[in-house]
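Have a look at the model first.

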Amino acid sequence: MLTQIHLERWAEVLVRHATNVRPGNVVRINAQPAAEPLLEAVYRKVLEAGGHPVVNCRPEFLGEAFYELANDDQLDWPNPFAHHETEAIDASINISAITNLRSLDKFDTAVTQRAARSQKNSRELFFQRAAVADDPDIDSALKPLLWTTTLFPTNAYAQDAGMSLADYS
């Protein structure tokens, strides 16, 4: 299993190397509750680097509740806070720690795609800023955005890979 040393080294890679956090950087950290050990290590590393961590920790049941209960207006609502956050952040660290890979399978893909379309502007801005960070030859007024995604070991990922959690870790 993962030791504290593993978590600290992993966080170091995410914060210092993948996103190159500097003093004053606003760093969004997205995670599920199952990733709490790595989330804490990343949060601490962002602070040590002088950054300002903004944490979005989203339990998986929220997605299920949304697709079960959201009306048309809610499915189509472009979240202005998400867009503003995408404009404001300097880096984004995503820690995926899904515990049930099939939890949204019961919902019509047309509904999930509809909700995703409502966030198209925020998503496009994110990837435009990421492209500016990746290619310095892009002539853009957009501020570069460094980002990374990692998978925190869960039983769901291990089972999907046909492995034990220890081996997957």
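What follows goes from the overall fold to one helix, then to charged pairs and a surface patch.

## Ground rules

This is a predicted model, so to speak: local features need pLDDT of at least 70, side-chain atom pairs count only at pLDDT 80 or more, and totals for chains, interfaces and linings use all residues. Residues are numbered from 1 along each chain as its sequence is written, and side-chain values use heavy atoms, with hydrogens and water left out.

## The whole chain

There are 9 helices and 4 strands here, counted as DSSP runs (H or I, at least four residues, for helices; E, at least two, for strands) and numbered from the N terminus. Along the sequence they come in the pattern α-β-α-β-α-α-α-β-α-α-β-α-α. The radius of gyration is 17 Å, close to the 15 Å that the globule rule gives for 169 residues, so the chain is as compact as a globular protein of that length. That radius is taken over C-alpha atoms, and the rule is 2.2 Å times the number of residues to the power 0.38.

Of the 169 residues, 34% count as buried. Buried means under 20% relative accessible area, exposed means over 50%, and partly exposed is in between (1.4 Å probe, protein chains only).

## Helix 1

Helix 1 covers residues 4-18, and its end C-alpha atoms are 20 Å apart, which agrees with the 21 Å that its 15 residues should span at 1.5 Å a residue. The expected span is 1.5 Å times one less than the number of residues. Its buried residues are Leu 7, Trp 10, Ala 11, Leu 14 and Val 15. Their cover includes helix 2, strand 3 (91-96) and strand 4 (146-151), going by contacts (heavy atoms within 4.5 Å).

## Charged pairs

The structure holds 11 salt bridges, each a side-chain nitrogen of Lys or Arg within 4 Å of a carboxyl oxygen of Asp or Glu. One of them pairs Arg 16 with Glu 12, with the closest N and O atoms 4.0 Å apart; both residues lie in helix 1, about one turn of the helix apart.

Arg 114 and Asp 72 also meet in a salt bridge (3.1 Å, N to O). This pair links distant parts of the chain, with Arg 114 in helix 6 (residues 109-118) and Asp 72 in helix 4 (residues 72-76), 42 residues apart.

## A nonpolar patch

Which residues form a nonpolar patch on the surface? They are Tyr 43, Leu 47 and Val 55, with about 250 Å² of accessible area together. Patch residues have over 30% relative accessible area and no salt bridge; like charges are joined within 9 Å, and nonpolar side chains (Val, Leu, Ile, Met, Phe, Trp, Tyr) within 5 Å. Areas come from the Shrake-Rupley method with a 1.4 Å probe, and for residues only the protein chains shown count as cover. Leu 47 is found in helix 2 (residues 36-48).
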